[in-house]
Each structure stands twice: as C-alpha cells, then as structure tokens.
Amino acid sequence: MRFVLALLGAFFAAYLSPLPAIAAGEQPEESTYVPPLADSVLEARAKSLQKELRCLVCQGQSIDESNAPLAADLRRLIRQQMQQGWSDDQIKEFLVARYGAFVLMKPPVRQDTFFLWFGPALLVLGGAAVIGVTIVRSRKRLATDPGGELEIPIQDTT
Amino acid sequence: MTGEIGQLALCLALALALVQAFAGFIGASRGNERLMAMGRGAAMGGFVFTALAFFTLMFAYVTSDFSVAAVAENSHTAKPLIYKISGVWGNHEGSMILWLLILGVYSAAIAMTQPTDIAQNAELGSRALGVQALIAIAFLTFVLLTSDPFLRLYPPPFEGNGLNPLLQDPGLAFHPPLLYLGYVGLSAAFSFAAAALLDKRNDAAWVRRARPFAIAAWTALTLGIAAGSWWAYYTLGWGGFWFWDPVENASLMPWLVATALIHSMMATERTGAFKSWTLLLAIAAFSFSLIGTFLVRSGVLNSVHSFANDPRRGLFILLILFVSISAPLVLFAWRAPKLAPGAPFDLASRETGILINNLLLTASAATILTGTLYPLVLDALEGIKISVGPPYFTATVIPMLALLAVAMPLGPIFLWRRANWRAGLYDLRYAMAAAGVALVIGLFLARPASFLGMLAITLGAWLIGGAVTDLSRRAGSLRRVRLLPAAAWSSALAHAGLGIVAFGVVGATIWKSEAIQVLAPGQTMDVGGYTLRLDSTERVEGPNYFADRAAITVTANGRTITVVHPEKRSYPVEQMVTSQSSIRTTVISDLYVVLGDARDGGGWVVRAYVNPLAPFIWLGALVMALAGFVALGGRLAVKARAARSAAAVSAAE
C-alpha cells in the first residue's frame with residue numbers, strides 16, 4: 001500500500017510544475033544566442049548532441065530547444081569542448097559527473113533502469129506468445145469445426 | 001446573479017444524474033420499460049442543465065464579470081472575444097465543466113439512439129446510461145465540492161489577470177474541446193462494456209451499440225492531437241511538432257488504445273472473436289483517458305497552489321480514478337471466463353492481423369506509460385533522478401509502430417477466419433513495388449540517407465500502396481472504387497493517412513535544414529536553398545500586446561518569392577514574450593522563420609528552418625479523421641436505408 005501511495009504521490013508531484021511549453025515561452029530571450037561553429041562537421045555533431053542533453057531548469061526540454069540561459073551556457077560549453085577535441089562520450093561523462101544522469105535525455109542502461117529498457121520488449125514478446133497460443137488453439141478448433149462458412153461471402157463491410 | 005444560476009443548474013444536473021443511475025439500473029434489472037424511459041429522460045435533462053451551467057459560465061467570461069473568481073483569474077477585458085470564450089476551458093474549473101458538458105452530450109446521444117422496448121434489448125442501453133450517470137455523479141460532486149467555477153469574489157477586482165498568451169491562439173481554442181470529445185467519448189464505449197458485464201446475457205450485442213461512439217471518440221482524439229501538435233509547431237518557435245512530454249503522452253495513450261479498440265470491436269462484431277479482450281480494451285481506453293484528462297488540464301497539473309491548498313482535490317481525483325478503473329476490472333474478472341469463444345480462425349486471417357494490431361498498439365501505450373511514470377517512481381522509491389526523454393520513446397515506440405506499419409496492409413487484404421495468404425501477398429505486389437520505388441528514390445535524393453528516414457518512406461509508400469490495393473481489390477478494379485461502401489473507404493483512408501503522416505514526420509525531423517544568424521537590416525542568410533534578407537523591423541500594437549515585426553524578403557535562385565513577417569510579441573498583462581513565427585508553405589515544404597532577440601549594435605537573431613513534407617503530418621491526420629467521418633456517415637446511411645425499407649415493407653402490408 002505504501003508503494004502505491006508513493007507511486008501516486010510521485011505521479012502527481014511531477015506534474016505540479018507548469019507545462020514545459022509555457023515554461024519555454026516565459027524564458028527571457030537574453031543572451032541565448034550561441035554562434036554556430038565555423039567547422040560544419042563539428043557544428044552538426046554539436047547540434048545532434050544537444051538534443052540528447054536535458055535543460056536542467058526547464059521541464060522536459062532539451063538544451064537544443066530551450067531558451068533558458070543555462071541551456072545556452074551548455075550549448076556554448078559543448079562547442080568549446082568539441083573544439084578541444086573531446087568526444088561525445090567524454091562530454092556526456094563530464095556532464096553526468098557534474099549534474100547526474102538526470103542531464104541525459106536517454107536514460108543509461110543500469111540495474112535500476114532495467115525494467116524501463118527491457119520491459120517493452122518483454123511485453124511484446126510475452127504478448128506474441130499469448131497470440132501464438134491463441135492462434136494454435138483456434139486452428140485446432142478450426143480443424144474440428146463442422147464446416148460452416150469460412151469466408152464470409154457478403155460484401156466486405158469490415 | 002448568473003453565477004448562481006450556473007451553480008443551481010449543476011446541482012439539478014447532479015439530482016438528475018442520481019435519478020438516471022437509479023432508473024437506469026433498476027429499470028433494466030426489473031425489465032420495467034417506464035423506469036427505463038425515466039432514465040432516458042433524466043439523461044436528456046442532465047444534458048440540458050449541464051449546458052445551462054456551461055453557457056452561464058461562458059456568459060460571465062464574455063461580459064468580463066470579475067465577481068466570478070475563475071473569470072477574474074483567467075480573463076481580461078482587452079482580450080479578443082474568441083479568447084474570452086476559449087478562456088472558459090483554459091483553466092481547471094472551466095475545463096471540468098466542458099468535460100461534464102461533453103459527457104452530457106454522449107449520454108443524451110445514447111438515450112436518443114437507444115431501442116425502447118425489451119424485445120430489442122433495451123436493458124443494455126439502460127444500464128449503459130446508469131454507468132454514464134455514475135461517472136457524471138462522481139464528476140459533478142468533484143466540481144461542486146472542490147472546483148466550483150462559479151465561486152464569487154468580493155469585492156470584485158477592477159480587471160482580470162488575463163490568459164497565458166501562448167494559449168491565445170486559434171489552434172488552441174479548438175484543441176481542448178476536440179480532445180475532450182475524444183476522451184469523454186470513450187466513456188460511452190466503457191459504459192456499454194460495463195453494461196454488458198452486468199447483463200446476464202453477456203453477448204457481443206454491446207459492441208454494435210458502442211462502436212459508433214468509439215469511432216466518434218477516436219476521430220475527435222485524432223483531430224485533437226493533430227490540432228495540439230500543429231499549435232506546438234507554429235507557436236513554440238523552433239519547428240518541433242511532437243515532444244513526448246507527459247501532457248502529449250497523456251493524449252497519445254488513449255488514442256493508441258482506442259485505435260486497438262475499434263479494430264478489436266470489428267472482429268467481435270463480425271465473428272464473435274476476442275469478446276473478453278474487447279471488453280478489457282473498452283475499460284482500458286477510458287481509464288487511459290481519465291488519466292489523460294487530469295494530466296492535461298487539472299488543477300493538479302497547472303498550479304502548485306490549488307493542489308497544495310486543497311488536498312481534497314487531489315484525493316478526490318485519485319478516488320475517482322481508483323474506483324472507475326478497479327470496479328469494472330473486478331466485474332470483468334468475474335464475468336469474462338463465462339464468455340463463449342468466437343468463431344475459430346486460421347493463422348492467415350484478418351483476426352491474426354487484428355491481434356498483431358492490438359498487441360503492438362497496447363504495448364506502445366504501456367511503454368509510453370512506463371516511460372512517463374518511471375522517473376517519478378524511481379525518484380520516489382530510491383531518490384534517484386533520471387530523465388526519460390524523446391530518445392527513449394524513439395528507441396522503443398518507433399520500432400513497434402514500424403512493425404505495425406509492416407503488418408497494416410496485410411490485415412484488410414486477408415479475409416476473416418481463413419485467407420489464402422499467397423493470393424493476398426500477390427494482390428499486394430504493386431504496394432511492394434511502390435515501397436521499393438520509394439526506397440530507391442530516397443536513397444538517391446534524400447540527404448542525409450539515414451536508416452530511419454529510409455524505413456519511414458518505404459513504410460509510408462507501403463501503407464499508401466496497400467490502401468489503394470485494398471480499394472481496387474474490393475471493387476474488382478480501380479475504376480469501380482467509387483461504388484464501394486463507406487466501410488471499405490474508411491479503412492483504406494485511415495491506413496493511407498498514417499502513411500502520409502510517416503512522410504511528414506521524416507521530412508520535418510530528419511531532412512529539415514536550419515540556420516540561425518544575427519542579421520542587421522540589409523544582411524542576408526541562407527537556409528535550404530532560400531536566401532533571407534532582413535529589410536526592416538518595426539514596432540506594432542495588437543489588441544493586448546505590442547510586438548517587434550520584421551520584414552524579411554525571401555529569394556531563391558535570385559528570384560524574390562515572398563516577404564515574411566515574423567513577430568516577437570510582448571504581453572504586458574501577463575508579462576510574457578512569445579514568438580509569432582512566420583510559415584510559408586508550398587504543401588511540399590515549409591519555410592519557417594522566427595524573429596529572436598535584438599542584439600547590441602542593431603542586429604536581430606533570426607532563426608530559419610526548411611521543413612520538407614512537414615504539412616503532410618497534419619494532412620495525413622486529416623485523412624485519418626476523414627476516415628472516421630466516412631465510417632460514421634456510412635453507418636448512418638445504412639441505418640437510414642434499413643429504416644426506409646422497413647417502412648416500405650410495413651406500407652406494403
């Protein structure tokens with residue numbers, strides 16, 4: 001019961017903050033412009049990396065989308081680090097060390113995210129097994145079915 | 001005075017809902033036609049009084065009656081009329097009244113279309129109205145006790161607080177009513193399912209009654225989600241259209257389950273297959289939409305204070321959620337084992353297709369629910385903070401939807417119960433060719449040639465080709481497709497619509513090009529084959545904002561194409577700044593220009609995107625919604641024809 005209450009509490013607590021969309025609009029657009037890098041390959045890498053990093057002061061936005069000053073600082077930071085030859089993974093490690101795994105839009109695969117990452121696949125496989133059993137049973141009944149119309153002949157009205 | 005009329009109307013609606021529940025259930029179990037008629041009357045009356053309350057509230061908004069607290073908090077005299085009206089549902093209290101109004105609409109629709117004599121199983125509809133009444137009682141009590149929209153303020157303030165400027169947008173004025181038409185419409189399917197579980201006969205008759213409501217709800221949800229994403233696309237100012245944020249997920253989950261439901265219903269209605277599963281889906285669809293309703297627009301979501309100051313509201317919501325999800329599930333666990341199995345089917349059959357559809361759609365919904373809740377649960381239990389963002393959902397949900405798209409053209413081609421799979425695949429040869437051609441064109445033309453992009457266009461062409469094949473196969477030839485019944489058209493349109501959406505999504509995410517630059521007047525920038533020149537900026541005034549408006553000339557290959565006017569708006573009442581992007585569309589592609597902040601030294605930050613195929617996202621969604629309308633229209637036409645021939649027969653006698 002305590003688990004359920006904790007779950008429900010957490011569920012609603014997370015929605016207490018305003019809508020992300022609105023949070024975006026409320027941010028002042030001061031000093032959030034980060035000039036693109038001259039090297040177009042690096043810039044493309046920076047663009048794709050910043051989609052995977054979370055703006056820590058906004059609700060659910062990546063630093064790619066956010067107008068918050070912190071997001072702009074991070075956009076600037078990753079560009080500097082890239083120019084110094086850091087790899088994407090190195091930059092991520094640096095940011096995780098600084099802010100925790102919360103900064104990653106894509107959660108890491110760990111023991112405590114096992115269900116998150118593999119739950120969907122297990123669900124599909126389990127469901128597929130159930131469907132398989134259903135079809136096998138149905139085919140058995142079909143074999144013993146006393147004739148009857150198999151293909152419903154009237155015009156197909158789905 | 002008007003506020004008190006509204007409050008009284010809500011109380012009367014509650015009284016009538018009690019009558020409706022009593023008469024609906026008792027009338028059905030005793031087989032008493034007069035009691036059942038009373039239940040129908042109460043449903044109509046409840047609708048009338050809820051509508052009265054709703055329009056009373058709207059009147060208070062339109063006349064800026066700030067003695068009503070909700071109006072003072074959410075409206076302002078300078079606001080344009082349309083936003084005074086949409087302001088009614090732009091907050092927790094008002095949106096609950098809209099929710100109740102739509103519940104009333106569906107209850108009245110059930111009452112009006114219900115057979116009246118016992119020979120035609122009037123008990124089913126009567127019990128369904130009883131369940132609808134229980135939902136209405138729960139929500140009316142909730143509104144009257146914790147979220148009274150007619151609460152007075154004394155002394156009334158001179159001016160109101162205004163509405164969030166981002167919500168002052170025509171796209172968003174219609175988004176909530178559409179979404180609610182969908183969410184609440186699923187209550188009708190839920191009520192019929194619950195009624196069927198209460199009925200000792202327990203057959204598939206409920207599906208016949210519930211399916212039009214489910215289709216209507218699905219259509220409205222489709223339009224509502226599309227309107228929301230269109231709004232996000234053009235107001236949030238960077239060309240994104242789907243963010244996987246909890247609010248959007250809350251609307252997508254019921255849509256996915258509702259899609260599974262209308263397919264499963266088709267099989268149950270046609271061959272009696274999946275009886276218990278369809279019942280479960282009907283319960284699940286409304287449960288998801290209840291969760292969605294509260295996440296989208298409740299006091300729980302929007303304001304820390306209303307929740308903290310009034311814990312009753314949160315508890316009440318949890319109680320409603322708990323009862324309305326668990327009660328029917330208990331009933332289901334008790335009744336479902338007694339259901340007779342439907343007609344058996346072979347591996348190659350439409351039933352198998354529907355099972356695949358149901359598996360992948362419900363698994364997608366479950367995955368989205370997991371991804372939405374997981375960080376919260378982990379934080380609550382372990383104190384560990386993680387983020388589950390778009391990359392997670394793309395990695396998990398997209399593969400499921402891709403598998404679904406592979407299977408989608410097969411379902412309609414295969415016949416019920418046992419199909420000839422060789423013949424089916426042979427019928428689809430042109431669709432396969434279309435998919436191959438799309439892939440080849442993509443490999444040659446599209447840059448970057450990403451795997452996801454190629455997959456999306458191949459599947460998009462496969463879906464559209466499959467839909468065309470389906471139509472021509474049913475008609476015998478492509479020339480005769482116009483003779484096909486509405487039902488054939490609706491399935492083809494819905495499937496083709498998704499194919500169109502796939503093209504749009506991949507264009508607007510993978511193939512988009514963007515540029516961001518500081519421009520002084522006279523300077524130019526290039527994006528996706530266009531050249532933009534900032535000509536000038538000026539200060540303009542709107543009804544309740546002032547704005548910096550730029551004039552930017554767009555040229556391509558030296559030819560001037562157009563002048564766009566993106567704006568940066570400031571709303572003094574709400575103290576907010578928004579970007580009004582300027583979108584120039586050719587249907588094949590969007591040029592999207594946003595004016596950013598002014599820089600020292602007279603320059604402006606200008607962001608520009610070229611989003612190829614982006615309009616296809618909403619075009620495809622419209623085609624899918626059209627499929628819903630066609631299906632409903634077809635059902636009405638069939639009914640009318642049956643009524644006419646019945647009348648002709650009785651006239652001949």
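Me: How are α1(B) and α2(B) oriented to each other, parallel or antiparallel?
Reply: In this predicted model, helix α1 (residues 2–30) of chain B and helix α2 (residues 33–62) of chain B pack at an angle of about 160 degrees, and since angles over 145 degrees count as roughly antiparallel, α1(B) and α2(B) are therefore roughly antiparallel to each other.

Me: What's the handedness there, and what is the contact made of by class?
Reply: The crossing of α1(B) and α2(B) is left-handed, with the two axes 7 Å apart. The contact of α1(B) with α2(B) has 22 nonpolar, 11 polar and 1 charged residues.

Me: And α7(B) with α8(B), at what angle do those cross?
Reply: Helix α7 (residues 170–198) of chain B and helix α8 (residues 205–235) of chain B cross at roughly 155 degrees, and their axes come within 7 Å. That angle is again over 145 degrees, and α7(B) and α8(B) are therefore roughly antiparallel to each other. The crossing in which α7(B) passes α8(B) is left-handed, and the residues of this contact divide into 25 nonpolar, 6 polar and 1 charged.

Me: Switching to backbone geometry, which peptide bond is cis?
Reply: The peptide bond from Tyr154(B) to Pro155(B) is cis, with omega near -5 degrees. Pro155(B) is placed in the loop between α6 (122–146) and α7 of chain B. For context, most peptide bonds are trans, and most residues other than glycine have a negative phi.

Me: On that note, which residues other than glycine have a positive phi?
Reply: Among them are Ser64(B), with a phi of about 50 degrees, and Trp244(B), where phi is near 55 degrees. Ser64(B) lies in the loop between α2 and α3 (69–74) of chain B, whereas Trp244(B) is found in the loop between α8 and α9 (246–271) of chain B.

Me: OK, zooming out, how is chain B divided into domains?
Reply: Chain B is divided into domain 1 (2–243 + 276–336), domain 2 (428–511 + 615–652) and domain 3 (513–612). The centres of domain 1 of chain B and domain 3 of chain B, taken over C-alpha atoms, are separated by 41 Å.

Me: How many residues does the contact take from each of those two?
Reply: The contact takes 11 residues from domain 1 of chain B and 16 residues from domain 3 of chain B. The side of domain 1 of chain B that touches domain 3 of chain B has 5 nonpolar, 5 polar and 1 charged residues.

Me: I was also looking at Thr531(B), where does that lie and what is it in contact with?
Reply: Thr531(B) lies in strand β3 (residues 530–541) of chain B, and, leaving aside its neighbours within four places in sequence, Thr531(B) is in contact with Thr524(B), Asp526(B) and Thr555(B). Thr531(B) is partly exposed, with 16 other C-beta atoms within 10 Å.

Me: And how far is Thr531(B) from Met624(B), by C-alpha atoms?
Reply: The C-alpha atoms of Thr531(B) and Met624(B) are separated by 36 Å, and the two residues are 93 residues apart along the chain.

Me: Last one, how many helices and strands are there in chain A?
Reply: Chain A has 6 helices and 0 strands, which gives the pattern α-α-α-α-α-α along the sequence. Buried residues make up 31% of the 158 residues in chain A, and of the contacts in chain A with a separation of 6 or more, 57% are between residues 24 or more positions apart.

Key:
Residues numbered from 1 in each chain as written. Chains lettered and ligands numbered in written order. Predicted model: local features only at pLDDT ≥ 70, side-chain atom pairs only at ≥ 80, totals over all residues. Domains from an automatic or database assignment. Contact = placed C-beta atoms within 7 Å. Nonpolar A, V, L, I, M, F, W, Y, C, P; charged D, E, K, R; others polar. Helix = DSSP H or I, 4+ residues; strand = E, 2+ residues; numbered from the N terminus. Buried ≥ 20, exposed ≤ 12 C-beta atoms within 10 Å, placed from the backbone. Axes fitted to C-alpha atoms, helices over the stretch in contact; angles between N-to-C directions. Parallel < 35°, antiparallel > 145°, perpendicular 65-115°, else oblique. Left-handed = near helix turned anticlockwise from the far one by under 90°.
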